[in-house]
Amino acid sequence: GIHATGYAGPVNVSAASVRTSGSYATGIHAVSNGDVTIDVGDVRTTGDNSVGVNGQAGQRPAYDEDIGLPILSDPADLTIRADNIETRGHSSDGLIATNFTKVNTSVEIGSVSTSGDNSWGAYAGGFGNVSLHAGTVETTGVGSVGLGAVSYYGDVDVSAGSVVTRG
């Protein structure tokens, strides 16, 4: 797969096709304290704990006990676009997008399919605005959610053409 890490600057990942097999064989893993952009055609993983696409902007926040709020990283956008994602394995989510800053998280997927227990189709979360848009989503496995999105401070916008879950 592809593993890209930036400590302060932006990370940009672009690929037509990514295929992995075996346990813990993530297709694309991109992390930075700066902006993260992933643009991919097809991703396919086969193996347990093998996420299709995992993007993260910012670092996990510390918690300020005096004011009762998280201390967030410097602003960074997280943008992911994928044509097709397929995972086959236990705990192998199609896509995970996590932004630990108060800026935008934007995910667009043509189709995502997972076949394994506890393997979500796609999840997007952040402290700023979060948008998650998918054409078709299909999950087959116990505890496998189609789409999930959450924001601590911003708006959440989720849309899909079709979502089917079985398991």
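This report describes the sheets, the core, an aromatic cluster and some single residues of a predicted model.

Six strands make up an open sheet, ordered 1-3-5-9-11-13 and paired in parallel. Its edges are strand 1 (2–6) and strand 13, each of which pairs on one side only. With direction ignored, neighbouring strands of this sheet are turned by 0° against each other on average.

Strand 1 pairs with strand 3 in the parallel sense over 5 bridges, and within strand 3 Ser32 stands opposite Gly6. On to strand 5, strand 3 is joined by 5 bridges, again with the strands running parallel; here Val31 has Gln56 of strand 5 as its bridge partner. Strand 3 (residues 28–32) has 4 of its 5 residues buried, so the rest of the structure largely encloses it. Strand 5 (residues 53–57) and strand 9 (residues 95–99) run parallel and are joined by 5 bridges. Asn54 stands opposite Ile96, which belongs to strand 9.

Another open sheet has 6 strands in the order 2-4-8-10-12-14, and its pairing is parallel. Strand 2 (11–21) and strand 14 are at the edges with a single partner strand each, so one side of each has no neighbour in the sheet. Neighbouring strands of this sheet are turned by 0° against each other on average, direction ignored.

Between strand 4 (residues 36–46) and strand 8 (residues 78–88) there are 10 bridges in the parallel sense.

| Strand pair | Bridges | Sense |
|---|---|---|
| Strand 1 and strand 3 | 5 bridges | parallel |
| Strand 3 and strand 5 | 5 bridges | parallel |
| Strand 5 and strand 9 | 5 bridges | parallel |
| Strand 4 and strand 8 | 10 bridges | parallel |

**Buried residues and the core**

The largest nonpolar core has 30 residues, of which Ile38, Val40, Leu95 and Ile109 touch the most other members. Leaving out residues up to four places away in sequence, Ile38 touches Val13, Ile28, Ala30, Val53, Asn54, Gly55, Thr79, Ile80 and Arg81. Asn54 in that list is the residue that stands opposite Ile96 in strand 9.

Thr139 is found in strand 12. Its relative accessible area is 0%, under the 20% limit, so Thr139 counts as buried. Apart from neighbours within four places in sequence, Thr139 is in contact with Thr114, Ser119, Trp120, Gly121, Ser144, Val145, Gly146, Val164, Thr165 and Arg166.

**Aromatic cluster**

There are 4 aromatic pairs in the structure. In one of them, Phe127 and Tyr152 are tilted, at 5.3 Å centre to centre and with 45° between the planes. Phe127 lies in the loop between strand 11 (122–126) and strand 12 (130–140), and Tyr152 in the loop between strand 13 (147–151) and strand 14 (156–166), so the pair ties together parts that are 25 residues apart in sequence. Phe127 is buried, with a relative accessible area of 11%.

Phe127 also forms a tilted aromatic pair with Tyr153, at 6.2 Å centre to centre and 40° between the planes. This pair too links distant parts of the chain, 26 residues apart: Tyr153 is in the loop between strand 13 and strand 14, and Phe127 in the loop between strand 11 and strand 12. Together, Phe127, Tyr152 and Tyr153 form one aromatic cluster.

Tyr153 is partly exposed, with a relative accessible area of 38%. Over the ring of Tyr153 sits the charged end of Lys102, 4.3 Å from the ring centre.

**Loop residues with positive phi**

Tyr24 is not a glycine, yet its phi is positive, at about 60°. Tyr24 lies in the loop between strand 2 and strand 3 and counts as exposed at 64% relative accessibility. Ser91, also a residue other than glycine, has a positive phi near 55°. The loop between strand 8 and strand 9 holds Ser91, which is partly exposed with a relative accessible area of 24%.

Definitions and conventions. Residues are numbered from 1 along each chain as its sequence is written. This is a predicted model: local features need pLDDT of at least 70, side-chain atom pairs count only at pLDDT 80 or more; totals for chains, interfaces and linings use all residues. Side-chain values use heavy atoms; hydrogens and water are left out. Rings of Phe, Tyr and Trp (its six-membered ring) pair if their centres lie within 6.5 Å; planes under 30 degrees apart count as stacked, over 60 as edge-to-face and the rest as tilted. Helices (H or I, at least four residues) and strands (E, at least two) are DSSP runs, numbered from the N terminus. Buried means under 20% relative accessible area, exposed over 50%, partly exposed in between (1.4 Å probe, protein chains only). A charge sits over a ring if NZ of Lys or CZ of Arg is within 6 Å of the ring centre and within 35 degrees of the ring normal. Two strands pair if DSSP finds at least two bridges between them. Axes are lines fitted to C-alpha atoms, for helices over the stretch in contact, and angles run from 0 to 180 degrees between N-to-C directions. Contact means heavy atoms within 4.5 Å. A nonpolar core is a set of buried Ala, Val, Leu, Ile, Met, Phe, Trp, Tyr and Cys residues joined through side-chain atoms within 4.5 Å.
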